[in-house]
Amino acid sequence: VVLMRLLKRKFSQIPKSYQRRIEAANEDALLTWAERLVDAETLEDIFEEQKLLYMLESLRAYQLCSRQ
């Protein structure tokens, strides 16, 4: 809740895709994003690395399913 309020204050509008990621995030991700918010100029500055990690995890899961 706090992260969403701070993001809205800094960037006004938060796309639904970022809202969903925040809702699904674990405590470590939320803390990382909150720390990045201090210096961020864009939403991408906050979330980009996590997006890449998410894509890699999704790819690994797909590959595991494909092997079975």
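## Packing of α1 against α3

Helix α1 passes helix α3 in a left-handed crossing, the near helix being turned anticlockwise from the far one by less than a right angle. The axes of α1 (residues 2-11) and α3 (residues 27-37) come within 11 Å and cross at roughly 25 degrees. Because angles under 35 degrees count as roughly parallel, α1 is roughly parallel to α3. Axes are lines fitted to C-alpha atoms over the stretch in contact, with angles from 0 to 180 degrees between N-to-C directions.

On the α1 side, the contact (heavy atoms within 4.5 Å) is made by Leu3, Leu6, Leu7, Lys10 and Phe11. Leu30, Trp33, Ala34 and Leu37 contribute from α3. By class, this contact has 8 nonpolar, no polar and 1 charged residues; Ala, Leu, Phe and Trp are among those counted as nonpolar, and Lys is among the charged.

## Basis of the model

The model is predicted: local features need pLDDT of at least 70 and side-chain atom pairs pLDDT 80 or more, whereas totals for chains, interfaces and linings use all residues. Residues are numbered from 1 along each chain as its sequence is written, and side-chain values use heavy atoms, without hydrogens and water.

## The chain as a whole

The chain has 4 helices and 0 strands, in the order α-α-α-α. Helices are DSSP runs (H or I) of at least four residues, and strands (E) of at least two, numbered from the N terminus.

Of the 68 residues, 24% are buried, meaning under 20% relative accessible area with a 1.4 Å probe, protein chains only.

Technical notes: Buried means under 20% relative accessible area, exposed over 50%, partly exposed in between (1.4 Å probe, protein chains only). Angles under 35 degrees count as roughly parallel, over 145 as roughly antiparallel, 65 to 115 as roughly perpendicular and the rest as oblique.
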